[in-house]
Amino acid sequence: MRPFIFLFALCPWLFAAQPNIIVIMCDDVGYSDIGCYGGEIETPNLDALAKGGLRFTQFYNTARCCPTRAALLTGLYPHQAGIGHMMEDHRAKAGESYAGDLSKKAVTMAEVVKTAGYSTYMTGKWHVTKVTKPLTEADKHNWPLQRGFARFYGTIHGAGSFFDPNTLTRDNTYISPFADAEYQPKEYYYTDAINDHAARFVTEHAKSSPEKPFLLYMAHTAAHWPMHAKEADIAKYKGRYDAGYDSIRAARLEKMKRLGLLDERWKVTPQAGDWSQVENKAWEARCMEVFAAMIDCMDQGIGRLVETLKKNGQYDNTLILFLQDNGGCAEGMGRNGPHKPRAEKPTLPALANDFLQPDMIPKQTRDGFPMRQGKGVMPGGADTYIGYGLNWANVSNTPFREYKHWEHEGGISTPLIAHWPKGIAQEAHDKLNATPTHLIDLMATCVDLAGATYPKEHNGNAVQPMEGVSLAPAFTGQAIERTQPLFWEHEGNRAIRSGEWKLVSKHPGGWELYHITTDRTEMNDLAMQQPERVKEMSALWDAWAKRVGVMPWPLAGEGKKGKGKKKPQ
């Protein structure tokens, strides 16, 4: 075989035109929720992408919404990108790593691939700036259009109603979904709007710039609280969760074994919650029905986007990456205290169509019904605002320990589906790749495939070198070359992954050591048996923490709102 023919067979992406790149991320969804990773939730479109592509089984996020977005966008660890915690400015007490705003010493993937001729688009949740109430245009310096995206439809803030989202923005201007001349569906639902605008952007691109590749970043808020979904989608799951936590979790474990995702050597982690002791089973089941409906709706929209790509002739040379921002969420949003039943008719004045929703938790619906929270409020409708709770989050994170916020596997493990007809070799289709990989690798992958040059400076500021490595070799069955461990820190929770070993700590506790290959469920702590390994790995973590600007937790009073407290595993 001639050398160039052999190389083409081995690495077809080297010879393809620059691929379109679509990065799709969902919110607060657990490792086993989608169908192709073990879940019963109907995700046929994601499943099809997995079957025609590649699934990574040890891909990691950073365990929280905005740090994950910062790492994904910049290819840096969150602290390096200025998002060491959340969207508060802690520079006075913790330095630039805790600015609550994307750093000027970081570039986004949009800013980088633009230099290689890409058009750039985004839909969905931004959540990497503290500026949600700009007084001037200059205040928007870290909004999507100012950070490399040519078009944007989505929210600047990190959470809100799916029927009336706050900080909803078209390009650079706040809008009301009910006074938006460009988009008036029969029923406004934010997940649909994200998907519909993604399809719109790629279609407009095909008409205006067919010769250019594009980058599209879709950041869904599904299935972050509140549990909001359309009734038709909820109806599909009626009765599906009446058997309770343990039954659903057992079915997932069995399916994961069949899919090759669950090693028989891993001990099963404890079940959170006892269904037999649940007083209001109808309410608890409804919470999971709505959660499932939210993911189902997102998948339907992804399917419509795929069909749009095919119709536009863009499908074959488009790399689609799908992942999640953190594990299932155990936060008790709106689940405590008494509640009032829904009134028979609105009790508050209706809101004008051009009213800009200012609140993460709206005080009322558009037609005048007061917002309802509390134990027993049946979720789904626009006048409700609750989460699905710790016990269902434990099911979402099957088979792992812990949740969003924490650096155990339940907090940081996410599916990663890669699909690219022209670039992923046929023999890699429907295969599992167990290489430890991380959000920081997505920038390196985009730079590699786009043929871009990662800059040393941008807008007069020195740029930090990207931390990740390209995933492209995996698309043809080759090894991903990583020479450094992976690191985590959030709210004092810490971890390092080096080869088959992981050192992890849940604040304020000490280090735990696990051999991930044989114990990814983190059930057999070997810290006492291997103190030298703990010493060696903890020294590596300490050096990394100093390099990226990690500060001791809590930051002068942060963490006193219950977020750092221990919860059942």
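Mentor: In this predicted model, a residue counts as buried when its relative accessible area is under 20%, and as exposed when that area is over 50%.

Trainee: Is Ile 156 buried or exposed?
Mentor: Ile 156 sits in the loop between strand 4 and strand 5 (168–170). Its relative accessible area is 0%. The cut-off for burial is under 20%, so Ile 156 is buried.

Trainee: Is Lys 133 buried or exposed?
Mentor: Lys 133 is also a loop residue, placed between strand 3 (119–125) and strand 4 (151–155). Its relative accessible area is 70%. Exposure requires over 50%, so Lys 133 is exposed.

Trainee: How far apart in space are Lys 133 and Tyr 174, C-alpha to C-alpha?
Mentor: In sequence, Lys 133 and Tyr 174 are 41 residues apart; in space, the C-alpha to C-alpha distance is 10.0 Å.

Trainee: Why are the buried residues of helix 2 on the same side?
Mentor: In helix 2 (residues 44–51), the buried residues are Leu 46, Leu 49 and Ala 50. They lie on the same side of helix 2 because the arc they cover around the axis is only 100 degrees.

Trainee: Which residues are exposed on the other side of helix 2, and what covers the buried ones?
Mentor: The exposed residues on the other side are Pro 44 and Lys 51. The cover over the buried residues includes strand 2 (54–60), helix 9 (281–312), strand 8 (318–324) and strand 9 (413–419).

Trainee: How many charged residues are in the lining of the second largest pocket?
Mentor: This pocket has a volume of about 360 Å³. Its lining consists of 19 residues, and those nearest its centre are Gly 82, Glu 96, Ser 103, Lys 104 and Lys 105. By class, the lining has four nonpolar and eight polar residues, and the charged ones number seven.

Trainee: How many contacts beyond near neighbours in sequence does the stretch 560–569 have?
Mentor: The chain averages a pLDDT of 94, and 95% of the residues score at least 70. Over residues 1–10 the pLDDT is below 50, with seven contacts beyond near neighbours in sequence. Over residues 560–569 the pLDDT is also below 50, and the contacts of this stretch number 23.

How values were computed
Residues numbered from 1 in each chain as written. Predicted model: local features only at pLDDT ≥ 70, side-chain atom pairs only at ≥ 80, totals over all residues. Heavy atoms only, no water. Helix = DSSP H or I, 4+ residues; strand = E, 2+ residues; numbered from the N terminus. Buried < 20%, exposed > 50% of the residue type's maximum accessible area, 1.4 Å probe, protein only. pLDDT = per-residue confidence, 0-100. Contact = heavy atoms within 4.5 Å. Arc of directions from axis to C-beta. 1 Å grid on protein atoms, 1.4 Å probe; cavity = no way out; pocket = protein on both sides within 12 Å on 5 of 7 lines; lining within 4 Å. Points joined across faces, edges and corners; volume = space filled by probe spheres on them. Nonpolar A, V, L, I, M, F, W, Y, C, P; charged D, E, K, R; others polar.
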